[in-house]
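The following paragraphs lead through the fold of one chain and then through the way in which the chains are arranged. Please keep the sequence and the model in view while reading.

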4 protein chains.
Amino acid sequence: MVDLAALLTKRGVYLHEIAEVVHQLQKPFSPHLTLESCLEVVEGIIKKREVQYNVLTGLALDILAEENKLPDPLFQVILKDEPLYGVDEVLGLGIANIYGTIGTTSFGYLDKEKLGIIGKLNNNAINKINTFLDDLVAGIAAAGSAKIAHNIKETDK
Amino acid sequence: MVDLAALLTKRGVYLHEIAEVVHQLQKPFSPHLTLESCLEVVEGIIKKREVQYNVLTGLALDILAEENKLPDPLFQVILKDEPLYGVDEVLGLGIANIYGTIGTTSFGYLDKEKLGIIGKLNNNAINKINTFLDDLVAGIAAAGSAKIAHNIKETDK
Amino acid sequence: MVDLAALLTKRGVYLHEIAEVVHQLQKPFSPHLTLESCLEVVEGIIKKREVQYNVLTGLALDILAEENKLPDPLFQVILKDEPLYGVDEVLGLGIANIYGTIGTTSFGYLDKEKLGIIGKLNNNAINKINTFLDDLVAGIAAAGSAKIAHNIKETDK
Amino acid sequence: MVDLAALLTKRGVYLHEIAEVVHQLQKPFSPHLTLESCLEVVEGIIKKREVQYNVLTGLALDILAEENKLPDPLFQVILKDEPLYGVDEVLGLGIANIYGTIGTTSFGYLDKEKLGIIGKLNNNAINKINTFLDDLVAGIAAAGSAKIAHNIKETDK
């Protein structure tokens, strides 16, 4: 298993920042939800294999683009974060939907609202190229949110 | 081909209300976009076969639930619009993604923000049961939004 | 939780028949795989909530069609198992992919090859209308196959 | 627009080989289908934007792996064509489903049966690394097959 937390930290993303997005998404439905429990959920998600493979692939493409090692026109598309490219969202959605449709819809919301760390990444306040990273982080946050939504329902019953 | 406009009108949804949601979604990216052109896009989308089949299926389930013809526990799940049911969102997403990933993410946004007519349906201000209808309408609006996003890009180039 | 085994039995499908399809799919990759362990996997899958909701919805539509309670043209589409309908495959795929992409591809294979019980359902050797049931069963078998594929890899490491 | 035919030729894949797979898939349902019309369909598909972006991304990853420019452990995963990696199938499925669910199921079948050129790629009879290319080609063939299936139905009516 790969230490995704370390890889994300190298790219300027801390797990507690992802946990904050999860907390913001789920707080309205679960008033007693703590930031600590959101962080635990995020820590669990980044250990899942499909999450690891999607993050490794997307991060590699961002970094290869920064190092100018991608061929044209793919390099130009990733450099400009071309809205119709779609592969970045597909990798994010692949993470978001591991806990079902709620993850997919939460990803769509985050993709538009760009809460917290996702907005910083989208503005490239961190790193030179984050075409994939913002979607990967949104995917992890959406999956976390879906996991909590499912658990709430379970405990209610 | 089925006259979906007539079926939707019977359930209290007018195409111009869906066009208004499309307009609200795309206006920020396309300041000269008119409501008329959004309506034309919506009229085109509801003629597509996959859209017709998803809408026919979802509408039938809402109406059968209203008529108390569904078996338990499915009836209870649809009556309560149980958040983890997921089949309603899946039918909406099946419409949303006919123009690619932008439709998927727009659907997620609408699912959360429930703009215009979608909000009215969600509150059951129209009909007794709209478990599927709000997601079907969000799917059509998201597909419309994605179609316009693609066309804008094409004409820009 | 719903007793899906009982509902499937009522429609002429026994869990060991689904386990046989799983066994046939995974045997080439796992020579020591027993039919018993495939049955246990299938028993676990039908307890999962998203599986239950998809099966309940599809079964209800098959039965409502048999009872002539669906409106036209939806009734005609389901009666003929119209190949472009797609909602039946979407519900099956929603089950198949709970263990990732391997489930999706296995579903596609089963949809074409219609192994064992799936073929019998497709020919309506059981019940009058199985438009949804064959895809639901293929979805369960594909998910079972994916689950075993993941476990094999884990134990190998 | 990118000349995908030229890029695929560079990797040893000729469009007529993809057309042959389409022909093999659809011939049983359409006895008068010619190889020429399958080739035209394939030529149309590789001009679509989402197809171009998925192919450009997957091809770049194969080639970067061959040139030893990918970081570990991603390099090892792609080198071994690790069955649980999944990103290669996701890019192929993203092409396959542009004409709906029939494309998705055809992709699943091709992923297992590896007809014609797909089998050659899977065995690395061409190039050193084809982890993505076989899935991209299967995706194009599946989309072609779905497009023809839709057209047959239209003309029948």
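Among contacts in chain A between residues at least 6 apart in sequence, 74% join residues at least 24 apart; two residues are in contact if their C-beta atoms, placed from the backbone, lie within 7 Å. This is a predicted model, in which local features need pLDDT of at least 70 and side-chain atom pairs count only at pLDDT 80 or more, while totals for chains, interfaces and linings use all residues. Residues are numbered from 1 along each chain as its sequence is written, and chains are lettered from A and ligands numbered from 1 in the order in which they are written.

Chain A has nine helices and zero strands, where helices (H or I, at least four residues) and strands (E, at least two) are DSSP runs numbered from the N terminus. Of the 157 residues in chain A, 54% are buried, that is, they have 20 or more other C-beta atoms within 10 Å of their own, with C-beta atoms placed from the backbone. Along the principal axes, the C-alpha atoms of chain A fill a box of roughly 55 × 30 × 25 Å.

Chain B is superposed on chain A by a rotation of 180 degrees with 0.0 Å of shift along its axis (RMSD 0.0 Å), which is the relation of a two-fold axis. The superposition is by least squares on the C-alpha atoms of residues with pLDDT of at least 70 in both copies.

Chains C and D each bring 17 residues to their contact. On the chain C side, helix H6 (87-96), helix H7 (101-113) and helix H9 (133-156) each supply at least two residues, and H7(C) gives the most, with nine residues.

Notes:
A residue is buried if 20 or more other C-beta atoms lie within 10 Å of its own, exposed if 12 or fewer, and partly exposed in between; C-beta atoms are placed from the backbone.
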